[in-house]
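The following briefing is meant to be read alongside the sequence and the coordinates.

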Amino acid sequence: MRQRNTQLKTYSNSDRKIDPVCGMNLSEYADVVEISHQEKKFYFCERACEERFKKNPDRFQKRPLIELADIWKTFNLGGVETKALAGLDLHIWEGDFVAIIGASGSGKSTALNILGFLDQPTSGNIFFNGKDVSKLSDDEKTEFRSKTFGFVFQQYNLIPWLTAYENVTLPLIFSGKKVEAKKIETSFQEIGLRERSTHRPFELSGGEQQRTALLRALANDPEIILGDEPTGNLDSETGNKILNMLIDLNKSRKKTLIIVTHDADIAEKADQVITFKDGHLVRDHQVRKKTYIRPFA
Ligand SMILES: Nc1ncnc2c1ncn2[C@@H]1O[C@H](COP(=O)(O)OP(=O)(O)OP(=O)(O)O)[C@@H](O)[C@H]1O
Ligand SMILES: [Mg+2]
């Protein structure tokens, strides 16, 4: 049985045995998969990662697009401390569709918020293309976030008093870019919302609101799309449409796609499934339909 050190740790590469594919820290495990490749030793949490590595060893010997290294996050609410992330190590590879699964309260949303610079870790490092971005100033982080990430949330998070069109232009306004009306109108048309761009969120169905949120997420043409249960509030048909749009952005426009989900059907379509437990990764990249049905949904 693995015993975790619950003390806050600082990042040090020396004593860490990292799975190059998923990024999981294997230092405390005795039984890891070990292979030699070009006279170097590599360790994997399980066969799934070993197989991914063997299919493309060059890719996984580089630095990942995003690397979370020993991330801890403690919330303090009214004197009560909650450890939401406890030594999270994670690799995200450019162009992948990654599904993050795990029980309620396991730290998935907290991790996604930290990945997208919506929140700061209590300790730990974040590397982006090998560069330590945890040290950026607040202004630099804000700029980096708006340039790099598009967010889609379960609750859509549209501004209620703005029209759909105005909601979509917000990221452009915040990042000081020109609002090209024609381009935005075309994007509304392409997503089947031509007649809806002047409506406010309360005049739109859930699916229409989520499509608007998707356009807003794409306004800055971000490299990475982060979705926190983006289809969680939608009926299955509408949810599937939104999901297919997201997957299409990953496949045809090469956007890295990271989705937190309780839906095994979504996770099944991903290149990489990451399972969270108690604020860190566990050695499980399998999708099991029964396991991920939400008990409180
Ligand atoms: N802002 C906050 N203040 C205090 N505690 C928080 C806060 N955000 C999250 N937590 C706590 O941190 C832990 C992880 O929460 P998180 O939202 O990341 O879980 P999750 O895996 O996304 O769960 P779910 O599947 O239910 O969305 C939980 O115990 C939660 O109560
Ligand atoms: Mg969550």
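In which loop is Glu223 found? Glu223 is found in the loop between H7 and E9, and the model in which it is placed is a predicted one.

**Surroundings of Glu223**
- Glu223 counts as partly exposed, because 16 C-beta neighbours lie inside 10 Å, whereas a buried residue would need 20 or more.
- Leaving aside residues up to four places away in sequence, Glu223 touches Thr148, Lys255 and Thr256.
- The C-alpha atom of Glu223 is separated by 8.9 Å from that of Gly95, although the two residues are 128 residues apart along the chain.

**Overall fold**
- The protein contains nine helices and 12 strands. Its radius of gyration is 20 Å, close to the 19 Å that the globule rule gives for 297 residues, so the protein is as compact as a globular protein of that length.
- Of the 297 residues in the protein, 39% are buried.
- Among contacts with a separation of 6 or more, 70% are made by residues 24 or more positions apart.

**Helix H8**
- Helix H8 takes in residues 236-252, which makes 17 residues, and from its first C-alpha to its last it reaches 23 Å, close to the 24 Å expected at 1.5 Å a residue.
- The buried residues in H8 are Gly239, Ile242, Leu243, Leu246, Leu249 and Asn250. Because they cover an arc of only 115° around the axis, they are on the same side of H8.
- An α-helix has 3.6 residues a turn, so residues three or four places apart point the same way.
- On the face of H8 that is turned away from its buried side are the exposed residues Glu237, Asn244, Asp248 and Ser252.
- The cover over the buried residues of H8 includes both strands and helices, namely strand E5 (97-102), helix H7 (206-218), strand E9 (224-228), strand E10 (256-260) and helix H9 (264-268).
- Just after H8, Lys254 adopts a positive phi of about 60°.

**Surroundings of ligand 1**
- The residues that surround ligand 1 are Phe75, Leu77, Thr82, Ala84, Gly102, Ser104, Gly105, Ser106, Gly107, Lys108, Ser109 and Thr110.
- At least two residues of this shell are supplied by each of strand E3 (66-77), strand E4 (80-92) and helix H3 (108-115), and the largest share, three residues, comes from H3.
- Sorted by class, the shell around ligand 1 holds three nonpolar, eight polar and one charged residues.

**Positive phi in two further loops**
- Gln38, a residue other than glycine, has a positive phi near 45° and is found in the loop between strand E1 (33-37) and strand E2 (40-44). Gln38 is exposed, because 7 other C-beta atoms lie within 10 Å, and 12 or fewer is the condition for that class.
- Asn157, likewise a residue other than glycine, has a positive phi near 55°, and its place is in the loop between strand E8 (149-153) and helix H5 (164-174). Asn157 is partly exposed, since 14 other C-beta atoms lie within 10 Å.

Conventions:
Residues are numbered from 1 along each chain as its sequence is written. Chains are lettered from A and ligands numbered from 1 in the order in which they are written. This is a predicted model: local features need pLDDT of at least 70, side-chain atom pairs count only at pLDDT 80 or more; totals for chains, interfaces and linings use all residues. A residue is near a molecule or strand if its C-beta atom, placed from the backbone, lies within 6 Å of it. Helices (H or I, at least four residues) and strands (E, at least two) are DSSP runs, numbered from the N terminus. Ala, Val, Leu, Ile, Met, Phe, Trp, Tyr, Cys and Pro count as nonpolar, Asp, Glu, Lys and Arg as charged, and the others, Gly among them, as polar. The radius of gyration is taken over C-alpha atoms; the globule rule is 2.2 Å times the number of residues to the power 0.38. Two residues are in contact if their C-beta atoms, placed from the backbone, lie within 7 Å. The expected span of a helix is 1.5 Å times one less than its number of residues. The arc is that of the directions from the helix axis to the C-beta atoms.
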